[in-house]
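Please examine the sequence and the model shown here. The paragraphs below it lead from the overall fold to its aromatic pairs.

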Amino acid sequence: EPAGQNPPDGAAIDYYLSNNAKEVAIEIKDAKGNLIRKYSSSDTLYKVPEVDIPLFWIRPQKILSNQKGAHRLVWDLHYQPLNMPAGYPMTAVIENTPPAYTSPWVMPGIYKISFVVDGQIKGTQDLLVKMDPRVKTLSKDLQLQHDFSLQAYNNRKQIMEMSNEVSILKTQAKDSVIID
């Protein structure tokens with residue numbers, strides 16, 4: 001059984017709002033300017049599907065706050081998760097089990113964090129993601145693994161989009177059938 005509190009499983013991003021805002025967003029981009037992850041106060045909580053674990057194991061979901069004051073977001077160092085039902089690993093910690101990841105890890109490197117309030121960038125900050133010192137994988141091998149994972153992720157995203165389009169077309173075709 002786990003005992004004690006582990007550190008956050010990602011990069012802690014702190015922000016402060018001097019006033020309430022309509023919308024707040026944090027955008028994370030790689031060195032090439034590609035959007036890796038976006039959090040927004042207009043995000044919605046995902047629906048927890050029926051699971052075969054006690055519900056008290058699941059980490060409470062949090063949405064980026066747009067309220068006055070100091071706030072913290074922990075980025076899990078993954079790309080934007082896929083829009084699919086959450087699954088949970090068997091390695092559970094009471095009230096702190098995150099959903100299983102549906103996107104790849106980012107590579108070690110520098111990422112740009114942008115803080116956006118009501119559509120305007122209010123600040124940017126570089127974030128250095130370091131390699132876990134316990135990992136002895138060569139960087140070229142790690143890059144190959146990352147590239148393969150990213151390709152699989154992008155292909156899965158594309159298949160999900162195509163599947164949604166097919167569903168829409170099926171519905172439209174069914175609705176437009178005219179019987180004489």
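This is a predicted model: local features need pLDDT of at least 70, side-chain atom pairs count only at pLDDT 80 or more; totals for chains, interfaces and linings use all residues.

Residues are numbered from 1 along each chain as its sequence is written, and side-chain values use heavy atoms, with hydrogens and water left out.

The C-alpha atoms occupy a box of roughly 70 × 45 × 40 Å along the principal axes. Of the 180 residues, 28% are buried; buried means under 20% relative accessible area, exposed over 50% and partly exposed in between, with a 1.4 Å probe and protein chains only.

The structure holds four aromatic pairs. Rings of Phe, Tyr and Trp (its six-membered ring) pair if their centres lie within 6.5 Å; planes under 30 degrees apart count as stacked, over 60 as edge-to-face and the rest as tilted. One of the pairs, Tyr79 with Tyr153, is tilted, at 6.0 Å centre to centre and 50 degrees between the planes. Because Tyr79 lies in the loop between β4 (69-75) and β5 (109-117) and Tyr153 in helix α1 (residues 139-175), this pair ties together parts 74 residues apart in sequence. Tyr79 is buried, with a relative accessible area of 10%, and Tyr153 is buried at 6%. Tyr101 and Trp105 also form a tilted pair, with ring centres 5.8 Å apart and planes at 55 degrees. Tyr101 is partly exposed, at 37% relative accessibility.

Methods:
Helices (H or I, at least four residues) and strands (E, at least two) are DSSP runs, numbered from the N terminus.
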